[in-house]
Amino acid sequence: MPLLASIRSSYIPMAPLTAIAFLCLGGVLLVHSMESPKRPVVLLAAIVSALLSAYGLIELIEYLGMPVLSLEERLFPDPPMIGAIPTGRMSPTTAALLLLSGAVVPMLFLRGRGGGRQRFIGDVAGCLGVLSAVAGTVFVLSYLHGAPLLYGTLTIPMAATTALAYLLLGTGQLLAVGPDGFPSRLFAGPSTRARLLRAFVSTTVGVVVAIDLMHVYSRGIFFADNALLSGVSTTFLVVVTGALIARVALKVGDDMDRSEEIRRGAEQKLRESEDRYRDLVEHSQELICTHDLKGRILSVNPWTATVLGYTPEELLRMNFQDLLVPEMRQGFEIYLNEMRTRGTARGRMRLKTRKGERLLWEYKNTLRTEGVAEPIVRGMAQDITERTRAEERSKRAFQLESALLRIDTQILEGADARGVMGTACAAIVEMGYRMCWIGQPDPERIVRPVAYKGFTDGYLENIDIPWDDTSEGKGPTGIAIRTGQPTVVQSIRESPIFGPWRERAIGHGYLSMGAFPLKSEAGAVIGVLDVYSDREGAFGDEEVGHLGMFAQQCSIALMNARRIETLRNVNQRLAFYVDRMPLAYIVWDL
């Protein structure tokens, strides 16, 4: 026990309360090193460590002449003396280091709870651990030099065993902070800086301490009284030291060379991977882009720029919202909010090219938050414009065929011409158009509506549509009747031939329309099919072709309906006269 308290009888021993404090701090570090300690144990360890820190503060205050607890005086009222220094009393330097060391473990437990200051708390704990280890080292070296600090003064010196204990305790606390804390992170990892620090700092410190201790304990090898032998011994030490440092440098150099080879290999593989990725992106026939959470385009592949009619540089100065058709721009903020909250979004978007063409793209985007300063959206989309158009063409063709089948069925079931025209209008509205009506030209050169479907809201009431050569007769309906050719108005807002009806049509949501003549077998115009859409530019070449063909089929069906209606009327008149003839007749089969 005396050896544990003091390495020499002339040195002051470790104070009993100091020994108890070291046992407690060691136990607290042991609790921290446990994999999953229970919460009550962690709380108890933190409290014990904090109390020890507080006791160190109390000892410092009492050393300044302000009694607080006087615990050592009460437990050991008559301690043995070494000269004028009492034993069994804690040194003020020991108390100061106890104040700092006791605060380390509570900081470690607090850091484990996370939070924004986790790194800062770990750095402070690491600095306190380094301070304890360095202070212990200084006092240990003073004992090794045979000149312990504070001996010969009125201040109680730190015991040699206490200094060694602080050296070990500080080292343990530094290890408990981990490689991510300061200053351990300067030496940890495979970086060149860390390797050089590990190699040369440890080597330099070790060589300096070794030479210093050799001066203390092996003075004879320096031959201070003989210049030749002293030079030889000094040269020998220089050679040994140089060889040691050279050995370390070679080892570090070999490691750095291997690391450089590995780095170059990794960079080569990365370049090859980036080249493959770049080739894939640049030649991809799909939209590949990134944008931030404000919609600013950050990157885009060349194919997308070509399809939209812009250069990549122009797109990088644009917001994605600017590429959307006007009716979809209001929903762009909803899309961005979905990306912020869910991190993914999928759907369809309509874009407008520089030339005004509308494209339909199907997208599935994800949010990237790791490895970037600010979140960015990874966008990938397929151009499904042609596919959608083909589907719409097939759907409309099926709808038209179904409508013609219904019309034929109605004709066979005896429906009149007005009912047939009503079915034709209903078929057009089912295809997605806002309104459709069929009119017949009368001898007064006025087109009279005879059937309609869709949203009209009184549009056809009290409206006169002439088909003569007057200014009002030169509207799309009049032109179709006079020329026998379809007439299309892609923008009712801007078309000069729709002037007399423009305000009323726009008020009903009609933005474009087409007039398709109904012709007899002889080519005479017997009616007109007017179709209205709620969007501009709705009547492309394909739509005009389909609707024109449908109008021809409707003309045939209308003529057939009229023939059947005429035949029915003739049969009715014949039956009327036969029933009233004063003759007897018999009908039999063969």
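This is a predicted model: local features need pLDDT of at least 70, side-chain atom pairs count only at pLDDT 80 or more; totals for chains, interfaces and linings use all residues.
Local features are reported where pLDDT is at least 70 and side-chain atom pairs at pLDDT 80 or more, whereas totals for chains, interfaces and linings use all residues. Residues are numbered from 1 along each chain as its sequence is written, and side-chain values rest on heavy atoms, with hydrogens and water left out.

A search of the whole structure finds 14 salt bridges, a salt bridge being a side-chain nitrogen of Lys or Arg within 4 Å of a carboxyl oxygen of Asp or Glu. One of them joins the side chains of arginine 89 and glutamate 73, with an N to O distance of 3.9 Å. Arginine 89 lies in the loop between strand S2 (85–86) and helix H5 (92–101) and glutamate 73 in helix H4, so this pair ties together parts that are 16 residues apart in sequence; helices (H or I, at least four residues) and strands (E, at least two) are DSSP runs, numbered from the N terminus. Arginine 89 is buried at a relative accessible area of 13%, while glutamate 73 is partly exposed at 39%, where buried means under 20% relative accessible area, exposed over 50%, and partly exposed in between (1.4 Å probe, protein chains only).

A salt bridge is also formed by the side chains of arginine 354 and glutamate 314, at 3.1 Å from N to O. This pair links distant parts of the chain, with arginine 354 in the loop between strand S5 (344–352) and strand S6 (358–368) and glutamate 314 in helix H13 (residues 312–315), 40 residues apart. Arginine 354 is partly exposed, with a relative accessibility of 48%, and glutamate 314 is likewise partly exposed, at 22%.

Glutamate 362 and arginine 387 form a further salt bridge, in which the closest N and O atoms are 3.9 Å apart. Because glutamate 362 lies in strand S6 and arginine 387 in helix H15 (residues 385–412), the pair ties together parts that are 25 residues apart in sequence. Glutamate 362 has a relative accessible area of 31% and is partly exposed, as is arginine 387 at 39%.

The structure holds zero disulfides, a disulfide being a pair of cysteine sulfur atoms within 2.5 Å. The sulfur of cysteine 436 has its closest cysteine sulfur in cysteine 425, at 3.9 Å, which is too far for a bond; cysteine 436 itself is buried, with a relative accessible area of 0%. Cysteine 554 is in no disulfide either, the nearest cysteine sulfur, again that of cysteine 425, being 8.3 Å away, and cysteine 554 is buried at 7%.

On the surface, Glu272, Glu274, Asp275, Asp279 and Glu282 gather in a patch of negative charge. Patches are made of residues with over 30% relative accessible area and no salt bridge, like charges being joined within 9 Å and nonpolar side chains (Val, Leu, Ile, Met, Phe, Trp, Tyr) within 5 Å. Glutamate 282 is found in helix H11 (residues 227–282) and is partly exposed, at 40% relative accessible area. A nonpolar surface patch of about 390 Å² is made by Val68, Leu69, Leu71, Leu75 and Phe76, with accessible areas taken from the Shrake-Rupley method with a 1.4 Å probe.

Technical notes:
Lys and Arg count as positive and Asp and Glu as negative; His and the chain ends are not counted. The place of a charge is taken as NZ of Lys, CZ of Arg, CG of Asp or CD of Glu.
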